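I opened my notebook to follow how the parts of this structure touch one another. The entries below go through the domains and then the chains.

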Amino acid sequence: MTPFGLYYGLTWAKIQEAMCLAVPVKIVSIDGDEAETEIAGVRRRVSIALTPEAKVGDYVLLHTGYAIGVIDEAEAEETLKLLEEIASLSEVH
Amino acid sequence: MKFIDEYQDNKLAKGLAYKITQRSTKTVRLMEFCGGHTHAILRYGIRQLVPKTVEMKSGPGCPVCVTATADLDKAIALAHLPDVIITTFGDMIRVPGSYSSLQQAKAEGADIRIVYSTIDAVEIAKANPGKSVIFIGIGFETTAPTIAASILKAQKEKMENFHVLSLNKLTPPVMKALLDSGEVKLDGIVGPGHVSVIIGSHPYEFIPQDYGVACVISGFEPLDILLCIDKLVEQIEKGEPKVEIAYPRGVKPEGNRKAWQLMEDVFEIGEANWRGIGIVPRSGLKVKGKYEQFDADKAFSVSPKPPREPKGCRCGDVIRGAATPVECKLFRKVCTPERPVGPCMVSSEGACAAYYQYGTPENLQGF
C-alpha cells in the first residue's frame with residue numbers, strides 16, 4: 001500500500017478506494033433527502049435522493065455520497081445460511 | 001463491519017472452494033466486468049481457492065481506464081480555460097493524456113479539485129459564483145444517477161455556473177460489443193454488483209439468450225465472488241446459461257426505479273468512445289437538450305491537438321481481456337504506479353494496478 005493510501009486510514013481507504021464499490025452504512029437519522037449514517041464508528045452525511053424509501057435503522061449501500069440501494073437483510077441472512085450449508089457439506093468429506 | 005465481515009469468513013470460503021472444485025470438470029473461461037472485482041479477486045487470493053479449470057479474465061469495467069485519450073485531452077484543455085474550476089474523481093488526475101495530465105495542468109496553475117461526490121462539485125460551484133465549475137462525469141450506471149441528481153439540484157437552485165462533461169458509459173452495450181467481437185471466448189460473466197443495484201438483472205438477459213453465455217451478478221466480498229463462481233460453474237456444467245443474482249442483499253431484478261427515473265429525465269443515450277475498443281453505439285449518456293445549460297460540451301469549446309496513445313501501452317488489450325498486465329512489456333519495468341504509462345496502472349480499479357499491488361508468484365499463477 002502506498003503512503004498515500006496509509007494516510008487515509010483503513011475505513012476511508014476502503015470507502016474511497018474504487019468507484020465499483022459501495023459500502024454498507026447504517027442510517028441513524030433522516031433530514032429531508034439527507035441522512036446521517038454510521039459505519040465502524042465513522043459518521044457521514046449522505047444523500048438519500050436515490051433511495052427515498054430508506055428508513056432509520058436501514059443499512060444502505062453508499063457510493064460517492066449517495067445511498068444507491070437499501071440492503072435486504074432477509075436476503076443477507078439467506079445467503080449466509082446457504083453458505084453455512086455448503087460449508088457443512090464439505091466437512092462431511 | 002456489518003454486511004462486510006460475515007462475507008469474509010474463512011471457513012465458509014473453504015466450503016465454497018471445495019464445492020466448486022468438486023463440481024468443475026470442464027474448463028470455464030470467466031470474465032469479471034468490474035475493476036473492483038479484479039482487485040478483490042487478487043487481494044483475497046480467489047485464484048488459489050478455485051480449481052485450475054476456472055480461468056478468469058478482467059474486463060472493461062474501470063471508468064477511468066476506458067475513458068478515451070481524446071476525452072481526457074478535452075478535459076485538460078477545459079482546465080486551462082480562464083475562470084474554470086475542474087472537479088473530478090481522484091483517479092483521473094494522474095492519467096497521462098496525449099501531451100499532459102490533469103495533475104500536470106494543476107502544476108501549471110489550473111484550478112483542479114478532487115471530489116468524492118458530485119455533491120461536493122455542486123458545493124464548489126455555489127461557493128465560487130464567479131467561476132465555471134465543470135465536473136468530469138466518468139462512471140457507469142452506478143454513478144450516472146448521482147450525476148443526474150447533481151444536475152437536477154443545480155437546476156432547482158437556479159445555478160448558472162455548474163456543468164458536467166458527460167463521459168458516462170453503459171455496461172450492457174459494451175458487454176455486447178465484446179461478445180460480438182469474439183476476440184476472447186467466454187463461458188460466463190461475473191456481473192457488476194453495484195451497477196446492477198441500479199439497473200437490475202433484466203438488461204443482461206441477452207447474454208445467455210443471444211450468446212449462450214452464463215451471467216451471474218456478484219457482490220465484492222470474497223464469499224460473494226466465490227458464490228458467483230459456484231453458480232457460474234453450475235450453469236456451465238449443466239449447459240443451462242441464464243442470468244442469476246448471487247448478491248440478493250443488494251440487487252433486485254428490477255433495480256432502483258428512482259435512480260432510473262432521474263437518469264431518464266436528465267440523459268439520453270448516444271455513442272461513446274471507449275479506450276481500446278473504439279466507438280460503441282448507444283453506450284454513452286449525453287445530457288438532454290432541456291438541461292443543456294449544464295452540458296459542458298455545449299457551454300465550452302476547446303480544440304485539443306489530435307490524440308496519441310502512449311507507445312507500447314497495452315491498456316486497450318487489457319481492457320478487452322485480450323492480454324493480462326504481465327504480458328505487457330512495460331508492466332513493472334517501465335510502467336509503475338509512481339510513473340504510470342496508461343490508465344490501467346493509475347486507477348484503483350485498473351487491472352495493471354491490481355496485478356502490481358497484489359501480484360505474488362502464487363497469486364499470478366496461471367495468469
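Entry one, the domains. I looked up how chain B is divided and noted domain 1 (21–59 + 173–245), domain 2 (65–170 + 256–299) and domain 3 (315–363), with bounds that come from an automatic or database domain assignment. I must keep in mind that this is a predicted model, where local features need pLDDT of at least 70, side-chain atom pairs count only at pLDDT 80 or more, and totals for chains, interfaces and linings use all residues. Residues are numbered from 1 along each chain as its sequence is written, chains are lettered from A and ligands numbered from 1 in the order in which they are written, and side-chain values use heavy atoms, with hydrogens and water left out.

Entry two, domain 1 against domain 2 in chain B. I found 30 Å between the centres of these two domains, taken over C-alpha atoms. Ten residues of domain 1 of chain B are in contact with 15 residues of domain 2 of chain B, contact being heavy atoms within 4.5 Å. Together the two domains bury about 980 Å², of which 77% is on carbon and sulfur atoms; buried area is the accessible area (1.4 Å probe) that two parts lose on being put together, summed over both. On the domain 1 side, B:Pro173, B:Val174 and B:Ile198 lose the most area to domain 2, together 54% of what that side buries.

I noted zero salt bridges between domain 1 and domain 2 of chain B, a salt bridge being a side-chain nitrogen of Lys or Arg within 4 Å of a carboxyl oxygen of Asp or Glu.

How many salt bridges lie between chain A and chain B? The count is three, and in one salt bridge the side chains of B:Lys252 and A:Asp72 meet at 3.7 Å, N to O.
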